[in-house]
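Please consult the sequence and coordinates shown here alongside the text.

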Amino acid sequence: NLLMLTLAITLTGAAVNTQAQTVDEIVGKHIEAMGGKEKLANLKATTTEGTMEAQGMELPFKATIINKRGMRIEFEVNGTQNIQVATTTGGWNLLGIQQQTEPTDVSADDLKDLAPEIDIEGELVNAKEKGNTLELIGKESEDSAEVYKIKLTRKDGNVANYFLDTKSYLIAKRTVNVGGQEIVNVLCDYKKADDGYTFASVVETLPAGVKLKIAKVTYNPPV
């Protein structure tokens with residue numbers, strides 16, 4: 001929208017450098033809020049356990065991620081076992097709820113969409129090294145709270161918008177385009193694990209209406 005007016009271009013041109021510096025400061029405070037740069041750098045794997053609410057059902061799930069290598073999600077639906085696996089090079093699903101008896105391959109497009117989820121520390125951390133660019137769009141109101149809106153452009157050109165609470169510097173919301181549809185993740189009820197890492201204990205995905213309630217996160221378990 002700023003590009004629509006010459007005046008706006010002139011006014012924002014002088015602010016580009018300070019915005020770039022400010023976005024680095026905001027992300028730096030986000031890193032501290034999540035446990036600190038050193039702790040995040042030492043993340044090798046996580047196991048997350050809890051329940052998934054979807055279509056009126058509450059389903060137990062377990063997700064294991066090896067940082068930047070792969071993830072495995074297991075959940076039960078109506079007595080059926082369901083497994084989803086994704087790595088940096090391939091993936092497969094075995095969904096009993098769909099009467100699958102043999103694994104089916106995950107498409108290349110789905111793998112591309114899942115890639116950021118395999119990054120445990122999050123794509124805001126060490127963004128430049130990962131080929132991501134960050135831009136501070138400004139402040140907005142989100143559910144009566146004030147948030148910083150950060151536009152993250154991935155090296156493949158896809159854009160994710162992150163909304164960080166201006167007080168806690170934790171992620172309140174993320175939006176990303178997947179297959180032509182905007183997917184919204186709302187994160188809340190943050191908790192601090194015994195070993196100092198911070199995690200959102202409730203994550204809701206819209207418009208799918210899926211809510212994860214996370215009871216436990218184990219950091220650096222043997223996998």
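## Basis of the values

The model is predicted: local features need pLDDT of at least 70, side-chain atom pairs count only at pLDDT 80 or more, and totals for chains, interfaces and linings use all residues. Residues are numbered from 1 along each chain as its sequence is written, and side-chain values use heavy atoms, with hydrogens and water left out.

## Salt bridges and the Glu53 pair

The structure contains 12 salt bridges, each a side-chain nitrogen of Lys or Arg within 4 Å of a carboxyl oxygen of Asp or Glu. In one of them, Glu53 pairs with Lys213, with the closest N and O atoms 3.0 Å apart. Glu53 lies in strand E1 (residues 45-54) and Lys213 in strand E13 (residues 210-219), so that the pair links distant parts of the chain, 160 residues apart. Strands (E, at least two residues) and helices (H or I, at least four) are DSSP runs numbered from the N terminus.

Glu53 is partly exposed at 22% relative accessible area, and Lys213 is partly exposed at 37%. Buried denotes under 20%, exposed over 50%, and partly exposed the range in between (1.4 Å probe, protein chains only).

Lys68 and Asp119 form a salt bridge with a closest N and O separation of 3.7 Å. Lys68 is partly exposed at 41%, whereas Asp119 is buried at 11%.

Glu117 bridges to Arg174 at 2.9 Å between the closest N and O atoms. Arg174 belongs to strand E10 (residues 171-178), and Glu117 to the loop between H4 and E7. Arg174 is buried at 12%, while Glu117 is partly exposed at 30%.
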